[in-house]
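The sequence and the structure come first.

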Amino acid sequence: MSGLYARESRSVSTMAHLRFFPQAVVGGNGAYLTGDDGRKLLDFAASWGAASLGHAHPAIREAVNRALSDQAGASYLSTANEPCVLLAEKLLSLVPERARGRVWFGHSGSDANETVPPAGRASSPSTAPITAAPSAPWPSPATHRNRARGRRT
């Protein structure tokens, strides 16, 4: 077991881990990760989708740098801001007019899991949930609370 992996096992909860083998990384570039032992590893999973354009992709780094240089778009919860509105307008321009509504932005997969199914049930005469596949291997804390209260999730 590597030093970084061992340190992590002593300091970070495993509640949200999905690990198949001990691996620790210290960097990434393009389609490759750098292990803490110096090995260059081909990242076949794109870090579970978080790096679908590759690690340290120049366009992503530029966009992040632009966002960090002006934090007006850091949150849409309490203020309207141009980056959020521009993205919503762009997304709406990509769908047929008959399907346009408003864009919903979530903070994580958990809030998407908690919000989208009830919204789908409310907008459809069908009672069956619409799903392609489970989005996470475990239910979120809100799902557990809802189930405990007898609510359908």
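## Strand pairing

L33 has L41 as its bridge partner in β3. Strands here are DSSP runs of E with at least two residues, helices are runs of H or I with at least four residues, and both are numbered from the N terminus. The strands β2 and β3 pair in the antiparallel sense over 3 bridges; two strands pair if DSSP finds at least two bridges between them. L33 is also the bridge partner, in β2, of G28.

Strand β1 (residues 25–29) runs antiparallel to strand β2 (residues 32–35), and 4 bridges join them. These two strands form a hairpin with 2 residues between them, and G30 in the turn has a positive phi of about 65°.

## The sheet

The order β1-β2-β3 describes an open sheet of 3 strands with antiparallel pairing. Its edge strands are β1 and β3, each of which pairs on one side only. On average, neighbouring strands of this sheet are turned by 30° against each other, direction ignored. The axes behind this angle are lines fitted to C-alpha atoms, for helices over the stretch in contact, and angles run from 0 to 180 degrees between N-to-C directions. In general, strands of a sheet pair through backbone hydrogen bonds, either parallel or antiparallel.

## A buried histidine

H55 lies in the loop between β3 and α2 (58–69). H55 counts as buried because its relative accessibility is 12%; buried means under 20% relative accessible area, exposed over 50% and partly exposed in between, with a 1.4 Å probe and protein chains only.

Leaving aside neighbours within four places in sequence, H55 is in contact (heavy atoms within 4.5 Å) with G28, N29, G30, A31, Y32, L33, D43 and S47.

## The whole chain

The chain has 5 helices and 3 strands, which follow the pattern α-β-β-β-α-α-α-α along the sequence. Of its 153 residues, 14% count as buried.

## Confidence and conventions

This is a predicted model, in which local features need pLDDT of at least 70, side-chain atom pairs count only at pLDDT 80 or more, and totals for chains, interfaces and linings use all residues. Residues are numbered from 1 along each chain as its sequence is written, and side-chain values use heavy atoms, leaving out hydrogens and water.

The mean pLDDT (the predictor's confidence in each residue, from 0 to 100) of the chain is 76, and 72% of its residues reach 70 or more. Among the elements of the chain, strand β3 (residues 40–42) has the highest mean pLDDT (91) and helix α5 (residues 141–148) the lowest (60). Where pLDDT is low, the predicted coordinates should not be read in detail.
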